[in-house]
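Please keep the sequence and the model in view while reading.

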Amino acid sequence: LPSILLLLVTKSFSGIALTMLTIGLAAGIFKPLISATVRAVTDKTNKTLGFGIFYAMVNVGASFGPLVAGKLRAISWNYAFLGAAISIGVMLLITIFFYKEPEREIEGVTLKQKFKDMGTALSDLKFAVFLVLLGLFFWLPLWAFFNLCAIYVDRNIDTARLYLDIKSVFGSGLANFLSRVDEAGTRRILGETISHSGYIIMIFQVFISWTFERFRAIPSFLFGLFVAATGFMVLGYAKVSAPALIFLGIFLFACGEMISSPRIQEYITWIAPKEKAGLYMGSNFLALGIGSALSGVVYTSLYGTFRSQGHPEYVWYTLAAHMILGMIVLFIFSKTAGEFKEQEK
């Protein structure tokens with residue numbers, strides 16, 4: 001909460017970067033614990049559905065957050081930061097008064113011992129290599145989507161035509177909410193209001209999880225990568241064809257994310273003993289950190305290069321190839337090193 005509020009007064013690049021790192025630290029504290037809670041209250045009969053429900057709820061916020069923040073930042077960035085701070089304050093009160101700690105065994109170990117346990121987990125060469133591969137071939141292209149899609153829509157897609165497309169289907173109310181009037185008086189869709197997967201995931205995630213819970217984790221995960229790669233291809237094609245194809249590309253990417261992301265998180269927590277689920281999930285965030293950090297460095301600069309050459313859509317074709325390569329590498333890894341054994345309870 002104070003980190004978000006710091007954005008109201010921090011104006012320098014270094015100050016904003018440090019503030020965002022602090023927000024990342026906060027997320028690193030609470031996000032693995034949420035996954036571990038899901039692990040603690042599910043069993044092998046409902047674990048996939050449980051993580052699907054968890055992922056759907058995460059994306060309720062991921063959907064409404066950009067919608068609200070996009071409208072508020074069009075007025076003032078400070079309004080967007082205040083809106084975020086208010087929502088965090090409400091969540092804090094909900095957690096204090098309504099969250100019930102699940103029954104579990106308390107280990108009674110020190111923080112020092114926890115770091116030793118993490119070192120033990122990462123000293124497993126097979127597990128460590130698996131995390132690195134996840135970071136490079138799953139989290140990296142996944143986060144590249146979130147880094148680039150809103151910018152790509154704003155700068156390279158005919159957002160005035162997108163406004164007319166949405167208005168013709170859903171009416172002026174929703175179209176106006178998702179758009180703003182530019183300096184020339186033309187209504188244009190705001191990139192961040194549509195350039196995410198949250199609004200799709202919160203509707204379809206439970207169904208997707210119910211469908212794929214009967215299949216093994218790794219084959220399902222690899223199939224999700226293929227669907228997401230197809231979405232990347234469509235996103236690139238939207239630049240040179242109909243702008244409305246951007247919605248199909250986002251939908252396909254979201255389907256791939258719904259299949260892959262909660263399934264791999266479920267998989268990692270279930271290869272750990274129940275009392276160490278949070279520890280293993282925290283280790284997974286090392287993979288996420290590798291991917292998210294490199295995605296900004298690699299693909300933002302690559303997008304700039306392609307855009308300067310007049311072909312910004314090429315970045316999506318590159319991302320599609322990246323995911324297909326990831327499918328191949330992770331398939332070979334699972335066949336040569338073997339899949340991890342999931343716990344029975």
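Is I75 buried or exposed? At 61% relative accessibility, I75 counts as exposed. The model is a predicted one, and the points below are grouped by topic.

**I75 and its helix**
- I75 is a residue of helix α3.
- From I75 to I166 the separation is 91 residues in sequence, and the C-alpha atoms of these two residues are 22 Å apart in space.

**Helix α2**
- Helix α2 has 28 residues, and at 1.5 Å a residue these should span 40 Å. The C-alpha atoms at the ends of α2 are 41 Å apart, which agrees with that expectation.
- At G28, α2 has a kink of about 25°. The kink comes shortly before the proline P32.
- P32 is itself one of the buried residues of α2.

- T42 belongs to the loop that runs between α2 (13-40) and α3 (47-75).
- With a relative accessible area of 10%, T42 is buried, because the cut-off for buried is under 20%.
- The T42 side chain reaches back to V38, where the backbone oxygen is 2.9 Å away.

**Cysteines**
- The whole structure was searched for disulfides, and zero were found.
- C149 is in no disulfide, and the nearest cysteine sulfur to its own belongs to C255, 15 Å away.

**Aromatic pairs**
- A pair of aromatic rings is described by how far apart the centres are and by the angle of the planes.
- In the whole structure, a search finds 19 aromatic pairs.
- One of the pairs is F130 with Y267, whose ring centres are 6.2 Å apart and whose planes are at 70°, so the pair is edge-to-face. This pair links distant parts of the chain, since F130 is in helix α6 (residues 125-156) and Y267 is in helix α12 (residues 245-270), 137 residues apart.
- F130 counts as buried at 4% relative accessibility, and Y267 is buried with a relative accessible area of 2%.
- F204 and F251 form an aromatic pair that is edge-to-face, with 5.7 Å from centre to centre and 80° between the planes. F204 lies in helix α10 (residues 198-212) and F251 in helix α12, so this pair ties together parts that are 47 residues apart in sequence.
- F204 counts as partly exposed at 35% relative accessibility, and F251 counts as partly exposed at 29%.

**Aromatic cluster and a charge over a ring**
- One aromatic cluster is formed by W143, F145, F146, Y152, F232, F253 and W316.
- W210 has the charged end of R214 over its ring, 4.7 Å from the ring centre.

Notes:
Residues numbered from 1 in each chain as written. Heavy atoms only, no water. Helix = DSSP H or I, 4+ residues; strand = E, 2+ residues; numbered from the N terminus. Buried < 20%, exposed > 50% of the residue type's maximum accessible area, 1.4 Å probe, protein only. Polar contact = N/O pair within 3.5 Å; in protein donor to acceptor, adjacent residues only side chain to side chain. Disulfide = S-S within 2.5 Å. Phe/Tyr/Trp six-rings, centres within 6.5 Å; stacked < 30°, edge-to-face > 60°. Lys NZ or Arg CZ within 6 Å of the ring centre and 35° of its normal. Expected span 1.5 Å × (residues − 1). Bend = angle between axes of the 7 residues up to and from the residue.
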